[in-house]
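Dear colleague,

I am handing over the structure we spoke about, and my notes on its side-chain contacts follow below it. Please read them with the model open beside you.

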Amino acid sequence: YSGGASCPALLLEPSRQQLLQYSEYFGTWTNDTNTSLTANAIKSPSGFADAYKMRAGTATARQARTLSVAATGNLVFSIYAKKGEYSVLQFTDAVDGNLYANFDLENGVLGNNNNCTPSIENAGDGWYRCVIYWNATQPTINKVRISIAESKTQARLVNFAGNGTDGIYIYGAQLETATYPTSYIPTYGVSQTRAN
């Protein structure tokens, strides 16, 4: 009955595997190179206070975290993000030195991007689902990376200094072998497949 409909309807999605084993635990992500995390910082789209705050460090460096993965072909990476003192999230990978996408969490719009197809979806309460689709032309990608950016027009992985406190909020990362995202599949230690 969603969207004001008066008749029920089924929401059908294809079978899809969530490749990330810890979709909500950002403690498994590597500091790359100058950020810190606060767990359970605010309420996430789940309704619980289980979102992380990613804070920019005081050294002049890229303000990023990476996660090692092994995936090939058509890939969709998504994460829920909400503005804090900073309002722009950037996606990159560790293979394509030209690929990036900026997401404006203040206005819910895309910023500069290259070598991928990004999208942003309003998830309510200031949260946005930020998505990129790209074709991994290398034999495999080995890392996905999320970064704090200072503006939606910022270039890929620009170095800057924060104050160690200010940051943005993140929740619910997902990586799928596909050409479009599906609904969020939480994982707690192993990848999961949703049946269609």
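Does R16 count as buried or exposed, and what is its relative accessibility? R16 counts as buried, because its relative accessibility is 7%, where buried means under 20% relative accessible area, exposed means over 50%, and partly exposed lies in between (1.4 Å probe, protein chains only).

Before the rest, a word on the basis: this is a predicted model, in which local features need pLDDT of at least 70 and side-chain atom pairs count only at pLDDT 80 or more, while totals for chains, interfaces and linings use all residues. Residues are numbered from 1 along each chain as its sequence is written, and side-chain values use heavy atoms, with hydrogens and water left out.

Salt bridges

Taking a salt bridge as a side-chain nitrogen of Lys or Arg within 4 Å of a carboxyl oxygen of Asp or Glu, the count comes to six. In one of them R16 pairs with E176, with the closest N and O atoms 2.8 Å apart; this links strand β1, which holds R16, to E176 in strand β11 (residues 167–177), 160 residues apart (strands are DSSP runs of E, at least two residues, numbered from the N terminus). E176 also counts as buried, at 0% relative accessibility.

K82 lies in strand β5 (residues 64–82) and D125 in the loop between β9 (117–124) and β10 (127–149), so the pair ties together parts that are 43 residues apart in sequence. K82 counts as buried at 19% relative accessibility, whereas D125 is exposed at 60%.

Aromatic pairs

Rings of Phe, Tyr and Trp (its six-membered ring) pair if their centres lie within 6.5 Å, with planes under 30 degrees apart counted as stacked, over 60 as edge-to-face and the rest as tilted; a search of the whole structure finds ten such pairs. The rings of Y22 and Y25 are edge-to-face, because their planes stand at 70°, with centres 6.3 Å apart. F26 and Y52 are likewise edge-to-face, at 5.5 Å and 75°, and both residues are buried. F26 and Y52 also belong to one aromatic cluster with W29, F77, F91 and F103.

Best regards

Definitions and conventions:
Helix = DSSP H or I, 4+ residues; strand = E, 2+ residues; numbered from the N terminus.
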